[in-house]
Amino acid sequence: MSNNDCSFRSGMERKNLILAFVAGVCGDAILSWLTMSEVSFSIFPFIALALAVQSLYQSYLQHPVSEDFPLVGVACFFVGIFGHSAFMKAQYPEEGSNFLAIILTLLLMMWIGKKMGYWGRKD
């Protein structure tokens, strides 16, 4: 039973990390719409952001949070922000360079991989 509870908790944490990533992407999509004239309005980032935040809040109320989750969750949020920013600047190069966003995204992804045990794991 303990092993099953551990795998369930791991699945819930992965779901929360994905929701944090989606919230970051949606937040940057809304910010891109506000600051870039080339980006047209869409209601979908608002809807997805509201649903992701609501789902994260419900998960927070129902299940206890592990010790490392808040830092990794914030890192996933910033991966979403910087990843979407790099994508938008690749689509619209006149808005600026995407070098810093790509470097920060890769560094944060390596740190997340290390914290979750994927980076530097011994088989």
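This report walks through the predicted model, from its overall fold down to a few individual side chains.

**Overall layout**

The chain is built from four helices, with zero strands. Reading along the sequence, you get the pattern α-α-α-α. The C-alpha trace spans about 55 × 35 × 20 Å along its principal axes. Of the 123 residues in the chain, 26% count as buried. If you look at contacts with a sequence separation of 6 or more, 71% of them are between residues 24 or more positions apart.

**What the record says**

An unreviewed UniProt entry puts the annotation "transmembrane region" on residues 17-34, 69-90 and 96-113. How do two of those spans look in the model? Residues 69-90 are 100% helix and 0% strand, with their end C-alpha atoms 31 Å apart. Residues 96-113 are 83% helix and 0% strand, and the end C-alpha atoms of that span lie 29 Å apart.

**The nonpolar core**

Which residues make up the largest nonpolar core? There are eight of them: Leu17, Ala20, Phe69, Val72, Ala75, Cys76, Val79 and Ile112. Helices α1 and α3 are the elements that give two or more residues to this core. The largest share, five residues, comes from α3.

Ala75, one of the core residues, is a handy one to click on. Leaving out residues up to four places away in sequence, Ala75 touches Leu108, Trp111 and Ile112. Ile112 also belongs to the core.

The table lists three of them with their accessibility.

| Residue | Relative accessible area | Class |
|---|---|---|
| Asn16 | 10% | buried |
| His84 | 14% | buried |
| Ser85 | 16% | buried |

Asn16 sits in helix α1. Setting aside residues up to four places away in sequence, Asn16 touches Leu56, Ser59 and Phe69. Phe69 is also a member of the nonpolar core described above.

His84 lies in helix α3, which runs over residues 69-91. What does His84 touch, not counting residues up to four places away in sequence? The list is Val25, Asp28, Ala29 and Ser32. With Asp28 there is also a side-chain link: a polar contact of 2.7 Å joins the side chains of His84 and Asp28. As for Leu108, it is 24 residues from His84 in sequence and 14 Å away in space, C-alpha to C-alpha.

Ser85 lies in helix α3 as well. Again not counting residues up to four places away in sequence, Ser85 touches Asp28 and Ala101. Asp28 is therefore touched by Ser85, which is buried at 16%, and Asp28 is also on the contact list of His84.

**Aromatic pairs**

A search of the whole structure turns up five aromatic pairs. One of them is Trp33 with Phe46: the ring centres are 6.0 Å apart and the planes are at 80°, so this pair counts as edge-to-face. This pair links distant parts of the chain, with Trp33 in helix α1 (residues 2-35) and Phe46 in helix α2 (residues 44-62), 13 residues apart.

Phe46 has another ring partner in Phe41. The centres of Phe41 and Phe46 are 6.0 Å apart and their planes are at 40°, so that pair is tilted. Taken together, ring pairs link Trp33, Phe41 and Phe46 into a cluster.

How many disulfides does a search of the whole structure find? Cys26 is in no disulfide, and its nearest cysteine sulfur, that of Cys76, is 14 Å away. A pair would need its sulfur atoms within 2.5 Å to count as a disulfide.

Both cysteines are tucked away from the surface by the accessibility criterion: Cys26 counts as buried at 7% relative accessibility, and Cys76 counts as buried at 9%. Cys76 is also part of the eight-residue nonpolar core.

Definitions and conventions: Residues are numbered from 1 along each chain as its sequence is written. This is a predicted model: local features need pLDDT of at least 70, side-chain atom pairs count only at pLDDT 80 or more; totals for chains, interfaces and linings use all residues. Side-chain values use heavy atoms; hydrogens and water are left out. Buried means under 20% relative accessible area, exposed over 50%, partly exposed in between (1.4 Å probe, protein chains only). Rings of Phe, Tyr and Trp (its six-membered ring) pair if their centres lie within 6.5 Å; planes under 30 degrees apart count as stacked, over 60 as edge-to-face and the rest as tilted. Contact means heavy atoms within 4.5 Å. A polar contact is a pair of N or O atoms within 3.5 Å; within protein, one must be able to donate a hydrogen and the other to accept it, and residues adjacent in sequence count only if both atoms are side-chain atoms. A nonpolar core is a set of buried Ala, Val, Leu, Ile, Met, Phe, Trp, Tyr and Cys residues joined through side-chain atoms within 4.5 Å. UniProt positions are given in the numbering used here, feature names are shortened, and annotations may be inferred rather than shown by experiment.
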